[in-house]
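Have the viewer ready and follow along.

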Amino acid sequence: MCLAIPALIVEKRGDVAKVSVGGVIKEISLELIDRPADVGDYVLLHAGFAIHRLDAADAEETLRIMREAAG
Amino acid sequence: MKFAAEFRDRALADAIVSNIRKSCRGKWSLMEFCGTHTVAVFRHGLRSLLPEGVRLVSGPGCPVCVTPKSEVDRALSLCDVEGGIVATYGDLVKVPGSGNNLAGKRALGADVRVVYSSYDAVEIARRVPGRPVFFVAIGFETTAPGTAAAIMRADSMGLQNFFVLCLHKRTPPVVQALLEMGGGAQGFICPGHVCAIIGARPFEPIARDWGRPCVISGFEPADVLQAILLLVRQLEEGRASVEIEYSRGVPYEGNSRALDAMDEVFSRADSEWRGLGMVVGSGMKLRERFARFDAARFVDPGLESLPDPPGCKCGDVLRGELAPALCPLFGRLCTPENPVGPCMVSSEGSCAAYYAYGREGGAPDLERLE
């Protein structure tokens with residue numbers, strides 16, 4: 001039940017955003033997110049709410065650690 | 001960066017697996033707490049990749065499965081309120097109470113609606129001001145802030161017909177409770193999306209006071225494997241700390257806005273878990289200021305719940321003490337088409353995951369489950 005999926009913000013009006021999830025457009029709330037998120041950003045979407053803005057730098061860093069350890 | 005496909009790469013997974021094999025000398029049991037992790041482990045066949053020294057145990061991390069029958073009965077009784085509408089997430093509708101479930105109530109004429117978001121339930125209440133709308137709020141800390149937001153929205157809209165049956169639960173207290181019962185595992189794969197909200201800090205006592213390493217993990221195959229690697233390394237080195245594998249999803253301090261919303265609306269309460277009993281501080285209840293939204297006063301006070309069906313071992317499965325396939329009902333009397341217990345009903349229940357994926361290519365791997 002704690003599934004949350006990456007969703008791309010394609011439109012934003014105040015705390016309401018339209019996001020694309022694999023091409024399907026959904027309207028969601030940004031009221032619970034604590035970092036500013038804008039069009040072009042990915043957010044973690046859970047039950048109609050963005051709960052976190054995803055940063056490419058964090059993801060790249062994790063991939064780097066995974067690959068490096070594999071060395 | 002798509003934040004998902006990159007972490008499903010086979011070569012990357014192979015490299016992490018080979019690291020796990022290199023690092024693992026002892027025998028370690030690791031509990032994946034979260035039902036979403038259980039499904040990821042099975043869907044991607046991760047157990048079959050692990051060395052013999054690593055044993056994965058599924059924990060009580062499916063909110064639907066741990067909701068006791070008495071709570072489901074309370075939700076069912078709301079279906080009988082004159083003119084009432086019961087709105088909830090799809091996960092809950094098939095879960096049996098004493099004799100029926102919400103889907104069954106709907107078949108008998110009750111107005112039960114599946115919503116995607118808590119705001120959908122508020123919207124239903126706005127559209128039908130003459131009828132009480134009961135939102136049955138289930139889920140861990142990932143989901144509870146959305147319920148808090150819905151209650152605050154209903155409050156600011158002045159809605160008089162929106163009510164919440166709060167079945168939300170908190171996760172760190174139950175990990176602690178498992179350990180106090182002598183259960184759990186040597187290391188914990190901690191729930192990434194719960195921690196997106198609460199951060200890493202609430203798991204620190206598990207590492208510090210119990211000496212059990214905790215790694216907060218994402219949900220793609222490389223994430224789960226990397227979390228296993230980090231746990232194995234800690235265990236092999238005799239360390240116990242909280243690490244975040246899922247750094248793209250989890251800030252150490254969590255999400256302050258979501259935490260504030262949750263804290264404004266809910267206070268801490270004791271809560272009953274199926275298979276575990278009452279766990280101190282693991283529940284949430286509406287604060288006095290929002291008490292008028294509490295659906296509890298509509299619940300039939302004379303409710304009496306029936307005991308679990310004979311033979312059902314969901315309680316043992318939820319504590320991680322019994323592999324689903326070893327339940328005498330599993331796959332025979334209890335199947336996803338005809339479930340007896342909640343762990344088979346919920347798509348994220350351990351039994352449903354074992355049934356759907358664990359049997360592929362033959363019987364479940366009983367030796368490894370033991």
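## The largest pocket

A pocket here is an open set of points on a 1 Å grid over the protein atoms alone, where a 1.4 Å probe fits, with protein on both sides within 12 Å along at least five of seven lines; lining residues have an atom within 4 Å of a point. Its volume is about 1,100 Å³, taken as the space filled by probe spheres set on the points.

Both chains contribute to this lining. At least two residues each come from β1 (5-13), β2 (16-21) and β4 (42-46) of chain A, and from α2 (35-43), α14 (342-345) and α15 (350-358) of chain B. The largest share, five residues, belongs to α15(B). Helices (H or I, at least four residues) and strands (E, at least two) are DSSP runs numbered from the N terminus. By residue type, the lining splits into 30 nonpolar, 10 polar and 10 charged. Nonpolar covers Ala, Val, Leu, Ile, Met, Phe, Trp, Tyr, Cys and Pro, charged covers Asp, Glu, Lys and Arg, and the others, Gly among them, are polar.

## Cysteines without disulfides

How many disulfides does a search of the whole structure find? Zero, over all chains, where a disulfide is a pair of cysteine sulfur atoms within 2.5 Å. For C314(B), the closest cysteine sulfur is in C343(B), 3.5 Å away, so it is too far for a bond. C351(B) also has its closest cysteine sulfur in C343(B), and that 4.7 Å is too far as well.

C314(B) is buried at 6% relative accessible area, and C351(B) is buried at 8%. Buried means under 20% (1.4 Å probe, protein chains only).

## A parallel sheet in chain B

Chain B holds an open sheet of four strands in the order β4-β3-β5-β6, paired in parallel. Its edge strands, β4 (111-114) and β6 (162-166), each pair on one side only. Pairing requires at least two DSSP bridges between two strands.

Strand β3(B), residues 85-88, is joined to β5(B), residues 133-137, by four bridges, with A87(B) opposite F135(B). Four bridges also pair β3(B) with β4(B), where I85(B) stands opposite D111(B). Both faces of β3(B) are covered: I85(B) and A87(B) are buried on one side, V86(B) and T88(B) on the other.

## Reading notes

Residues are numbered from 1 along each chain as its sequence is written, chains are lettered from A and ligands numbered from 1 in the order in which they are written. In this predicted model, local features need pLDDT of at least 70, side-chain atom pairs count only at pLDDT 80 or more, and totals for chains, interfaces and linings use all residues, while side-chain values use heavy atoms, leaving out hydrogens and water.

Key:
Buried means under 20% relative accessible area, exposed over 50%, partly exposed in between (1.4 Å probe, protein chains only).
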